[in-house]
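Welcome! Take a moment to look over the sequence and turn the structure around before reading on.

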Amino acid sequence: MGEKKKAKAVIVGGSTAGVSCAHALISAGWDVVVLEKSSQPPRGSPTGAGLALDRQAINIIESWLPQPQLLQQTTLPLTIDQNQTADGEKEASRILTRDEDFNFRAAHWADLHGLLYNALPAEVFLWGHLYLSFRTSGDKTSVTVEAKALQTEEIIEINGDLLVAADGCLSQIRKTFLPDLKLRYSGYCAWRGVLDFSGNEDSETIRSIQRVYPDLGKCLYFDLRTGSHAVLYELLSKRLNWIWYVHQPEPEQKVILYSHPIL
Ligand SMILES: Cc1cc2nc3c(=O)[nH]c(=O)nc-3n(C[C@H](O)[C@H](O)[C@H](O)COP(=O)(O)OP(=O)(O)OC[C@H]3O[C@@H](n4cnc5c(N)ncnc54)[C@H](O)[C@@H]3O)c2cc1C
């Protein structure tokens, strides 16, 4: 009796930002519901992105987990950050900077998402729910969100005190506020992937890569060339995360453009 009702947040999008907001708000005493249009949690896959977590991110994520050591167990330490260059076909690679006190950890997107998602109460997530629109109350103290359950086509309404737009770089919610915002081209196109080399550890390809990048397994390599740059680091379970950036003018065709806040 006399207890204040918890404030409630409606989070749209259940990827990295969505699960992180859910943890942060629950830790701050909020009720949360996450609307995610994908039908189910992503399954661990050898493809996908690598994420390099700095010390602050590691501390925050650990504070959300009932078993903080799980973060250590699903990530690899990145203790070295090395920038190197080699211009021209014949020139050997030259080290520009080498930080041996890097203190990052390398995570695979699906592993990190699974860790954060599994640490949330199950009822928080509404999978297969497409956000449609929102309206605010006259006094702007509450928000009603309209969403569609994709399997049944049922339209539902959820009331909350806060709406969080975690619906990605093409956010539909942001468009409501900034309809004319044009995403800024970052100056390059990127090819990226994760190579699962388990079972092929002794192959000539992997041996050659390890010869050129001897500190793989603990080092984040940045290769800087004229007109391109590349990032390479190892993930847990014999996986290599690579990104190759090609600097070029903004392409004509419609592509998803994004700025790269982290690696
Ligand atoms: C090609 C590419 C490669 C990248 N590679 C890397 C990398 O190697 N390392 C790295 O750190 N970062 C990388 N990034 C950037 C990274 O992916 C993003 O910064 C990060 O995913 C953003 O997370 P997010 O949760 O904000 O958005 P997203 O991961 O985009 O998630 C948005 C979520 O919202 C959901 N959603 C969208 N609209 C609705 C709706 N109407 N209703 C319900 N749900 C909705 C989507 O299904 C999705 O789950 C890459 C980005 C791209 C495009």
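## Before you start

Please keep in mind that this is a predicted model. Residues are numbered from 1 along each chain.

## A strand with two partners

Let's begin with strand β14, which covers residues 219-225. This strand is mostly covered, with five of its seven residues buried.

On one pairing, β14 runs parallel to strand β5 (residues 80-85), and six bridges join the two. To find this pairing by eye, look for Asp-81, which stands opposite Leu-220 in β14. In the other pairing, β14 runs antiparallel to strand β15 (residues 228-235), with five bridges between them. Here Arg-225 stands opposite Ser-228 in β15. β14 and β15 form a hairpin, with two residues separating the strands. Gly-227 sits in that turn and has a positive phi of about 85°.

Which residues of helix α2 are buried? They are Ile-58, Ile-61, Glu-62 and Trp-64. Viewed down the axis of α2, these buried residues fall within an arc of 155°, so they line one face of the helix. The face of α2 turned away from the buried side carries Gln-56 and Ser-63, which are exposed. As for neighbours, the buried residues of α2 pack against α1, β3, α3, β7 and α4.

Helix α4 spans residues 109-118, and its buried residues are Ala-110, Leu-112, His-113, Leu-115, Leu-116 and Tyr-117. These buried residues pack against several elements, including α1 (16-27), α2 (55-64), α3 (69-74) and β8 (125-127).

## Around the ligand

Where does the shell come from?

A polar backbone atom of Ala-17 is 2.8 Å from an oxygen atom of the ligand. A nitrogen atom of the ligand lies 3.2 Å from a backbone N or O atom of Lys-37. For Gly-50, a backbone N or O atom lies 3.0 Å from a nitrogen atom of the ligand. Taken alone, the ligand exposes 990 Å², and the protein buries 72% of that.

Methods
This is a predicted model: local features need pLDDT of at least 70, side-chain atom pairs count only at pLDDT 80 or more; totals for chains, interfaces and linings use all residues. Side-chain values use heavy atoms; hydrogens and water are left out. Buried means under 20% relative accessible area, exposed over 50%, partly exposed in between (1.4 Å probe, protein chains only). Helices (H or I, at least four residues) and strands (E, at least two) are DSSP runs, numbered from the N terminus. Two strands pair if DSSP finds at least two bridges between them. Contact means heavy atoms within 4.5 Å. The arc is that of the directions from the helix axis to the C-beta atoms. A polar contact is a pair of N or O atoms within 3.5 Å; within protein, one must be able to donate a hydrogen and the other to accept it, and residues adjacent in sequence count only if both atoms are side-chain atoms. Accessible areas come from the Shrake-Rupley method with a 1.4 Å probe; for residues, only the protein chains shown count as cover.
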